[in-house]
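Here are a few notes from a colleague to read alongside the structure. Take the points in order, and keep the picture open as you go.

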Amino acid sequence: MNPNSSPPPEYADTPNLWRVACELSKFKNPYKTADELLALARPMLKEAGHDK
């Protein structure tokens with residue numbers, strides 16, 4: 001994935017999500033990395049009311 005390329009249609013409205021996916025794809029274990037990032041972000045998401 002190239003973060004400078006245009007995102008596919010399903011990500012067109014969320015270009016930052018496309019960039020995150022591009023960055024995660026560089027890790028050896030992207031799913032574990034994503035899980036760890038979500039665990040760190042969960043308290044902030046809950047406080048902001050986006051924990052659903």
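1. Let's begin with salt bridges: the count in this predicted model comes to one. Its partners are Lys 26 and Glu 23, whose side chains meet with an N to O distance of 3.2 Å.

2. How accessible are those two partners? Lys 26 has a relative accessibility of 56%, so Lys 26 counts as exposed. Glu 23 has 38%, and therefore counts as partly exposed. The cut-offs to keep in mind are over 50% for exposed and under 20% for buried, with partly exposed in between.

3. Now turn to Thr 33, which you will find in helix H2, a stretch covering residues 30-48. Is Thr 33 buried or exposed? Its relative accessible area is 16%, so Thr 33 is buried, since buried means under 20%.

4. What surrounds Thr 33? A polar atom of the Thr 33 side chain lies 3.1 Å from the backbone oxygen of Asn 29. If you set aside the neighbours within four places in sequence, Thr 33 is in contact with Leu 24 and Phe 27.

5. Finally, step back to the whole chain. It has two helices and zero strands. Of its 52 residues, 10% count as buried. The chain exposes about 4,700 Å², and 57% of that area is supplied by carbon and sulfur atoms.

Note on methods: Residues numbered from 1 in each chain as written. Predicted model: local features only at pLDDT ≥ 70, side-chain atom pairs only at ≥ 80, totals over all residues. Heavy atoms only, no water. Helix = DSSP H or I, 4+ residues; strand = E, 2+ residues; numbered from the N terminus. Buried < 20%, exposed > 50% of the residue type's maximum accessible area, 1.4 Å probe, protein only. Areas by Shrake-Rupley, 256 points an atom, 1.4 Å probe, with all protein chains shown as cover. Polar contact = N/O pair within 3.5 Å; in protein donor to acceptor, adjacent residues only side chain to side chain. Contact = heavy atoms within 4.5 Å. Salt bridge = Lys/Arg side-chain N within 4 Å of Asp/Glu carboxyl O.
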